[in-house]
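Thank you all for coming; I would like to take a few minutes to go through one structure with you, from its overall make-up to a few individual residues. Please have a look at it first.

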Amino acid sequence: MSALHFAIPAPQQEAAVLDYLREHRAAGEETLCAAALLERQRGYADWLAYLRRSGRGAGGQAALWLVFGRVEGRLLGMLDLRDARSGQPPDVGGHISYALRPSARGRGYAKEMLQAALLQYAAWGISRVILSCEAQNLPSVRTILSGGGVLEREAQDPRNGRLLQVYSIACGANLQEHLDAKKQTPF
């Protein structure tokens with residue numbers, strides 16, 4: 001059974017999300033990955049409205065999931081799935097963005113989040129997605145490679161000038177073949 005539980009953001013999760021945001025800020029992280037601009041909204045209700053407007057609610061082929069630990073019941077991270085139907089990769093960020101609160105890092109949760117994202121894209125009929133991360137973010141590089149990521153190119157991030165690595169990664173049956181070769185299971 002998965003150590004994680006995925007949920008669509010809802011009003012009753014406000015305290016958990018604000019606690020998550022506080023921990024990132026206390027660690028000096030003012031810009032959040034995978035949070036769909038949470039840190040730029042005036043409040044939680046505004047963020048929920050932004051998610052609905054951006055098509056990341058229930059249904060559709062884009063989503064933002066809150067990721068809770070099954071044991072601790074605490075919000076551990078966020079997983080942002082961007083619409084991949086156009087076949088055109090996003091300029092920055094890729095189709096999948098995942099983030100963990102600082103106290104939850106280094107425990108394998110990101111790998112499980114990535115596998116869940118790839119399975120969701122496969123369910124949507126998408127066979128391949130693009131992910132990117134900063135080249136010096138070695139934990140994210142390892143996570144992407146463990147999921148079958150293939151380095152496609154390097155580029156400069158127009159937002160901050162840092163070196164990005166852009167990967168493609170298979171979804172669905174190709175994901176299962178990769179996991180079988182490594183003797184892993186998605187959950």
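Let me begin with a definition: a residue is called buried when its relative accessible area is under 20%, exposed when it is over 50%, and partly exposed in between, with a 1.4 Å probe and protein chains only. What we have here is a predicted model, in which local features need pLDDT of at least 70 and side-chain atom pairs count only at pLDDT 80 or more, while totals for chains, interfaces and linings use all residues. Residues are numbered from 1 along each chain as its sequence is written, and side-chain values use heavy atoms, with hydrogens and water left out.

With that in place, Asp-80 is buried, because its relative accessible area is 1%. Asp-80 belongs to strand S3, where strands (E, at least two residues) and helices (H or I, at least four) are DSSP runs numbered from the N terminus. If we count as contact any heavy atoms within 4.5 Å, and leave aside neighbours within four places in sequence, Asp-80 is in contact with Ala-34, Ala-36, Arg-56, Ala-63, Leu-64, His-95, Ile-96 and Ser-97.

Stepping back to the whole protein, the secondary structure comes to five helices and seven strands, in the order β-α-α-β-β-β-α-β-α-β-β-α along the sequence. Of the 187 residues, 48% are buried, and among contacts between residues at least 6 apart in sequence, 62% join residues at least 24 apart.

Now to strand S4, which runs antiparallel to S3 and is joined to S3 by five bridges; strands are taken to pair if DSSP finds at least two bridges between them.

Which residues touch the most other members of the largest nonpolar core? A nonpolar core here is a set of buried Ala, Val, Leu, Ile, Met, Phe, Trp, Tyr and Cys residues joined through side-chain atoms within 4.5 Å. The largest has 30 residues, and those that touch the most other members are Leu-79, Leu-81, Ile-96, Tyr-98, Tyr-121, Val-129 and Leu-131. Strands S2, S3, S4, S5 and S7, together with helices H3 and H4, each supply at least two residues of this core, and H3 gives the most, with eight residues. Apart from this core lies another, of 19 residues, among them Leu-21, Ala-36, Tyr-44 and Trp-47.

Tyr-50, in helix H2 (residues 44–53), counts as partly exposed because its relative accessibility is 21%. Beyond the residues up to four places away in sequence, Tyr-50 touches Ala-36, Leu-37, Gln-41 and Arg-56. The C-alpha atoms of Tyr-50 and Ala-36, which are 14 residues apart along the chain, are separated by 8.4 Å.
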